[in-house]
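Please look over the sequence and the structure shown here, and then follow the charged side chains through the explanation below.

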Amino acid sequence: MLGPDPLLPLPPQLDQLLVIRRWLELLLARVDERIAAVRTFEAEKTRRRPAPEPPEWWVEYGIGARRTPERAHGPGPAGACRMTSRGRPSTAEGVRELLLTAPSVLACPLCRPDSKLGLLDR
């Protein structure tokens, strides 16, 4: 005969142990159903999450091996400039520095980041 278990006292009779085992199986099935429902809900919530806002400032890079910066974009009249998607996000300070220091970098003629940064007032 087995001694008493101080953590989980169980009855010594086989039929009572089988009933407890069946009850635990049913409880585990309910927990598994709830886990599946929560996972489905969270997956739908993730799909419904709005897309992140596009960056306001953008540096367009050329194609080829060198991939040097070619054009700077900024916030246009309807938000971020949609002139190109080839490039990388930047900050206003980064665009300002590029426009001031790199003579090959042009300001986008549609969104006019040089005007927004006050570079034309100089």
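With which residue does aspartate 114 form a salt bridge? Its partner is arginine 112, and the closest N and O atoms of this pair are 2.9 Å apart; a salt bridge here is a side-chain nitrogen of Lys or Arg within 4 Å of a carboxyl oxygen of Asp or Glu. This is a predicted model, in which local features need pLDDT of at least 70 and side-chain atom pairs count only at pLDDT 80 or more, while totals for chains, interfaces and linings use all residues. Residues are numbered from 1 along each chain as its sequence is written, and side-chain values use heavy atoms, with hydrogens and water left out.

Aspartate 114 is buried, at 11% relative accessibility, whereas arginine 112 is partly exposed, at 34%; buried means under 20% relative accessible area, exposed over 50%, and partly exposed in between (1.4 Å probe, protein chains only).

The search of the whole structure finds 3 salt bridges, and among them are two formed by glutamate 25, one with arginine 21 and one with arginine 22.

Glutamate 25 and arginine 21 both lie in helix 1 (residues 14–48), 4 residues apart, which is about one turn of the helix; helices are DSSP runs (H or I, at least four residues), numbered from the N terminus. Glutamate 25 and arginine 22 are 3 residues apart in helix 1, so about one helical turn separates them.

Conventions. Helix = DSSP H or I, 4+ residues; strand = E, 2+ residues; numbered from the N terminus.
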